[in-house]
Amino acid sequence: MRVRFPVVLFDLDGTVVDSGGIILASMRYATRTVLGREISDEALMAAVGGPGLEHQMRAFGPEHVEELIRVYREHNEPLHEELRVCVGMDDVLVALKEQGRKLGIVSAKRRRTVELAFARVEVGHLFDVVVGGDDHERQKPEPDLLLLALERLGADPATAAYVGDSPFDMQAAKAAGMHAVGVTWGGIHGREALTAADEIVDTAEELLARL
């Protein structure tokens, strides 16, 4: 069977796992607890999926970054018990593997937190490579994490697609020379944030058809 993209890399949050709610809850909790003030949901979520948690927290409280991160993680990790796969994505991943594709995760999350997610949603075995935000100092929207995943797979960017829900995902894919596919179901970023995508899809079924 001839496929469009022999290699497909995925963002994790808001793409494979439905984690927007628990991320927002923990961002609210950390900023309220440490800073004692209310920050809009839009501001809290604007940088999610990009340059990492430290970068996000520095924007809210540059003198309290370490404490913000500690409180966030203490609140966030137990919430992974509530984690679910995004609707239809488990079927998409299984179908892609059955077609012989190489699959990978490239996330802004630390590897440890990715593994925490996979302990709750049993899709981790479907991925041939997992790259977390702590695997390289340069984060999305820079292409380095994606290029590292491709290197570990021995893959050419021209044969690969990156699927994500954030503007950082789309920018990183384009910078890496990959096909950028934006998905709209994550609830973290709106469709208008995906303008750099080569194409945008609204359902898992549509995603499978496009890959």
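**Figure 1. Buried residues of helix α4 in the predicted model.** Helix α4 has Val65, Leu68, Ile69, Val71, Tyr72, Asn76 and Leu79 as its buried residues. An α-helix has 3.6 residues a turn, so residues three or four places apart point the same way. The cover over the buried residues of α4 includes α1 (20-35) and α3 (53-60). The helix comprises 15 residues (65-79), and at 1.5 Å a residue it should therefore span 21 Å; the end C-alpha atoms lie 21 Å apart, in agreement with that value.

**Figure 2. The largest nonpolar core.** This core contains 32 residues, and those with the most contacts inside it are Phe10, Val16, Phe118, Phe127, Leu207 and Leu211. Two or more residues each are given by β1 (7-10), α5 (89-98), β2 (102-106), α6 (111-120), β4 (160-164), β5 (179-183) and α9 (204-210). The largest share, 4 residues, comes from α5. Another core, of 22 residues, lies apart from this one and has Ala149, Ala160, Tyr162 and Ala172 among its members.

**Figure 3. Surroundings of Leu207.** With neighbours within four places in sequence left aside, Leu207 is in contact with Phe10, Met89, Val92, Val163, Val181, Trp185 and Val201. Both Leu207 and Phe10 are listed with the residues that have the most contacts inside the largest core.

**Figure 4. Glu199, a buried residue of strand β6.** Glu199 belongs to strand β6, which covers residues 199-201. Its relative accessibility is 12%, and Glu199 is therefore classed as buried, the cut-off being under 20%. Not counting residues up to four places away in sequence, Glu199 touches Arg4, His179, Ala180, Val181, Gly182 and Arg210.

Key. Residues numbered from 1 in each chain as written. Predicted model: local features only at pLDDT ≥ 70, side-chain atom pairs only at ≥ 80, totals over all residues. Heavy atoms only, no water. Expected span 1.5 Å × (residues − 1). Buried < 20%, exposed > 50% of the residue type's maximum accessible area, 1.4 Å probe, protein only. Contact = heavy atoms within 4.5 Å. Core = buried A, V, L, I, M, F, W, Y, C linked by side-chain atoms within 4.5 Å.
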